[in-house]
Amino acid sequence: MLKKLSLRTQLFGGFGMIGLIVLALVGVGLYSAITSRGNFTEYRTTARTSLALAETQDGVASLRNAAFSFRVTPSVGNQGRVQVAQSELEAAITSSIDLISDPGMAQDKQQIRQLASEYADAFDRYSQTRLALMIEAERLRAAGRDLRTEIGDAMGVSEMLGAQQVLLNLADARQSLMLGRYYGRSAIEKANGDDAERSRAEFTEMVELMRTVVSSSPDALQQLATELSLASEELLEDYDAAMTRSLEIDSIAVDDLDRIGPAMAEEVDRLDASNVS
């Protein structure tokens, strides 16, 4: 059939076929280029988001570590480190969340922000109370030191008066005072329940000994003994209140910080896994 066509027609037909093939190849190439570019853009976005989420994961870990350091050693310096970690985590959360456009992850994004806010609020409540207790612990330490000095003065008077049994009771009361202060400070600073019980026992022993001193002191020592007895009871009450409060806020830390922290880390991990998939 082709033989019946003129040479001119055959040449034009051949060039036309070649042109169609070239156009088809160009079309396929353009489609592949556009598809590859879209895939690369998607991959780049996913990689950038994964990197931002990794920074968020590091931020969560840094915040929890800083909070734990404060719980072990409460101080203004450690509190400041937690605040810095909070700011860095907030920046990381904003950076990673802004890169995520999947509407299906909207709830996860909001949950991370909510948990971070709850964690910050819980730590603020805990740290402010803990630092206030540290100030109270120093006040109680000074009050105990003054009482120890006053008991020592009373021991000197007892010795001059020849009241040997009163002197012995005062010596035992001072010993209980020193032990009560030691364990009390540990109970307040470390929220140690065992130390709190030991401190209460020592202070209670001191109060009982001071009451015995009052009942057995000669007239010349009665007023001083009574004042020391009242001071010992007041010190017991103050230490007991501070130790109780310390244990209460430590319980808050366990209930809040130790609950919210892992939940926040788990939410970020889940969001990262959803982004990769």
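Predicted model: local features only at pLDDT ≥ 70, side-chain atom pairs only at ≥ 80, totals over all residues.
Most residues other than glycine have a negative phi. With a relative accessible area of 12%, Ala-191 is buried, because buried means under 20% relative accessible area.

Gln-86 is part of helix 2 (residues 76–99), and its relative accessibility of 17% places it among the buried residues as well. When residues up to four places away in sequence are not counted, Gln-86 touches Leu-63, Ala-120 and Phe-123.

On the surface, a patch of negative charge is formed where Asp-146, Glu-150, Asp-153 and Glu-227 gather. Helix 3 (residues 106–161) gives the most to this negative patch, contributing three residues. Asp-153, one of the patch members, lies in helix 3 and counts as partly exposed, with a relative accessibility of 48%.

| Residue | Relative accessibility | Class |
|---|---|---|
| Ala-191 | 12% | buried |
| Gln-86 | 17% | buried |
| Asp-153 | 48% | partly exposed |

Asp-153 falls in the partly exposed class at 48% because that class lies between the buried limit of under 20% and the exposed limit of over 50%.

Terms used:
Residues numbered from 1 in each chain as written. Heavy atoms only, no water. Buried < 20%, exposed > 50% of the residue type's maximum accessible area, 1.4 Å probe, protein only. Helix = DSSP H or I, 4+ residues; strand = E, 2+ residues; numbered from the N terminus. Contact = heavy atoms within 4.5 Å. Patch = residues over 30% accessible without salt bridge, like charges linked within 9 Å, V, L, I, M, F, W, Y side chains within 5 Å. Areas by Shrake-Rupley, 256 points an atom, 1.4 Å probe, with all protein chains shown as cover. Salt bridge = Lys/Arg side-chain N within 4 Å of Asp/Glu carboxyl O. Lys, Arg positive; Asp, Glu negative; His and termini not counted. Charge placed at Lys NZ, Arg CZ, Asp CG, Glu CD.
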